[in-house]
Amino acid sequence: MAWDGPYVHQFDAETADLLRAIFDFTGVRLGFDPVPLDGPATPAELSARAGRTITEDGIGGLRALATFDEVLSRACISADHPRNLAFIPAAPTRLSVLFDVVVGASSIYAGSWMEGAGAVHAENETLRWLADLAGLPATAGGVFVPGGTVGNLSALVAARQAARARLAAEGRPMPARWRFVCGAEAHSSLYQAAMVLDADIVAVPTGEEGRLTGPLLAAALDDLAGRSDLAGRGDLVGHRDSATPSDGPVHDGVFAVVATAGTTQFGIVDDLRGVVDVCRDRGLWVHADGAYGLAALAAPSARPLFDGIADVDSFIVDPHKWLFAPFDACALIYRDPALARAAHGPQRAGYLDVLDSAVNWNPSDYAIGLSRRARGLPLWFSLAAHGTRAYAEAIETTLATTRAAAAQIAARPELELVRPAELSVVVFRRLGWQDADYHRWSENLLREGFAFVPPTRHDGETVARFAVVNPRTTPADIEAILNTMV
Ligand SMILES: *Cc1c(COP(=O)(O)O)cnc(C)c1O
């Protein structure tokens with residue numbers, strides 16, 4: 001290495017060597033263009049190649065690092081390869097990755113303001129940028145959690161607590177079951193949240209469009225209210241013009257509506273304006289699941305899709321998906337953070353009392369969890385260094401690549417779009433292919449280290465899908481992949 005900082009002398013020779021080796025590894029990894037795609041291996045293969053690594057005496061840092069470099073890391077698919085278009089891949093900036101090293105070296109406890117004030121301050125400025133993009137008021141705030149799954153669950157816990165508190169304040173009885181409503185194409189993490197909450201999830205059919213709209217939601221809510229009025233009489237068939245009116249917004253147990261701002265499968269953005277209008281009339285909490293899609297708030301060309309986002313009660317967006325940050329980070333933001341604090345914080349324990357202060361912003365008061373890494377800092381650093389315009393441009397680049405991909409698919413006689421491309425997702429079929437053809441094709445591409453494009457299922461049919469979140473993915477990459485489908 002070119003550098004040999006004076007502090008190296010503070011370490012024994014072995015640690016100094018290891019420091020250089022780790023920075024060498026990092027430099028090589030970040031310098032690849034493109035990075036090797038790599039691919040999975042079986043436990044038996046990995047045991048054979050890596051040998052036993054945990055021993056009584058230790059194998060030494062250099063050998064452990066070599067094992068990671070030569071064996072383990074090569075059995076992990078590179079999420080940031082430009083032809084990795086699977087699920088939702090990742091494309092962290094070099095600066096965000098480098099700063100992740102700094103975060104690790106800094107031993108920051110970022111669960112409380114008292115212990116992590118500086119880090120939490122910078123995270124909060126980053127959350128503010130996102131809240132401003134959405135148009136939320138100055139009082140909005142939240143926390144970076146590990147992922148969208150925890151973010152959705154935490155927001156729904158807050159929403160239910162707010163509904164409970166309101167019923168209690170009005171002296172009304174609690175419903176027998178709590179439920180929340182979402183569109184049929186909402187993410188699987190919401191089903192997991194329903195299980196953890198021990199609540200019911202009501203998925204509203206969204207038809208060919210795949211979009212939850214105001215009218216569809218209103219009809220579904222009317223139906224639920226009607227059904228719960230009749231439930232006591234043993235008649236479970238819903239009648240919207242039931243003689244017994246529903247007596248209030250949460251009598252039927254509905255405590256929230258989740259609008260998806262960019263479905264994972266197709267990139268479809270629900271009719272946020274329609275959803276918030278219906279919910280405002282009925283006093284219902286609206287949570288926007290934008291784990292993937294809300295990153296596009298930063299792209300001027302996509303902003304109109306999110307009309308209505310300024311009126312939601314909470315939303316999430318994952319910087320590790322389309323905001324160029326490393327795993328793992330989800331920004332969870334509430335319109336009224338006090339409602340989240342009423343549900344999540346502070347955890348009760350004598351030794352925590354010293355942290356409990358209404359004037360201090362303790363991130364652990366706003367989500368599931370107590371101890372936390374300052375996982376918002378890699379995004380903060382990269383955003384501070386590059387500026388927000390670079391983010392707008394990078395997202396616009398991926399949107400342009402997606403449009404180019406859709407145009408290439410439309411122009412090829414053997415290919416057909418399943419639905420028009422939305423945000424940065426394209427789903428398409430290869431005419432004449434069966435399920436096994438897609439899998440054979442996809443497995444070959446991965447085995448050759450060329451591309452990672454696993455097929456997906458839609459309406460019982462196996463189809464191909466690209467998700468473009470990497471500004472280094474070019475129309476030429478897309479063309480090269482499509483050329484393998486002839
Ligand atoms: C990815 C995703 C989630 C889950 O986020 P994780 O960070 O993987 O936990 C939730 N909702 C949507 C729409 C997603 O795309």
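I'm calling it a salt bridge when a side-chain nitrogen of Lys or Arg sits within 4 Å of a carboxyl oxygen of Asp or Glu. Searching the whole structure on that basis, I get 26 salt bridges.

Notes on the source: this is a predicted model, where local features need pLDDT of at least 70 and side-chain atom pairs count only at pLDDT 80 or more, while totals for chains, interfaces and linings use all residues. Residues are numbered from 1 along each chain as its sequence is written, and side-chain values use heavy atoms, with hydrogens and water left out.

I looked up E185 next. Its salt bridge is with R419, and the closest N and O atoms are 2.9 Å apart. E185 lies in the loop between β2 and α7 (188–197) and R419 in the loop between β8 (415–417) and β9 (425–430), so the pair ties together parts 234 residues apart in sequence. (Helices, H or I of at least four residues, and strands, E of at least two, are DSSP runs numbered from the N terminus.) Buried or partly exposed, I wondered about R419? R419 is buried, at 9% relative accessible area, whereas E185 is partly exposed at 23%. (Buried is under 20%, exposed over 50%, partly exposed in between, with a 1.4 Å probe and protein chains only.)

I also checked D200, which forms a salt bridge with R177, closest N and O atoms 2.9 Å apart. D200 is in strand β3 (residues 200–204) and R177 in the loop between α6 (148–169) and β2 (179–183).
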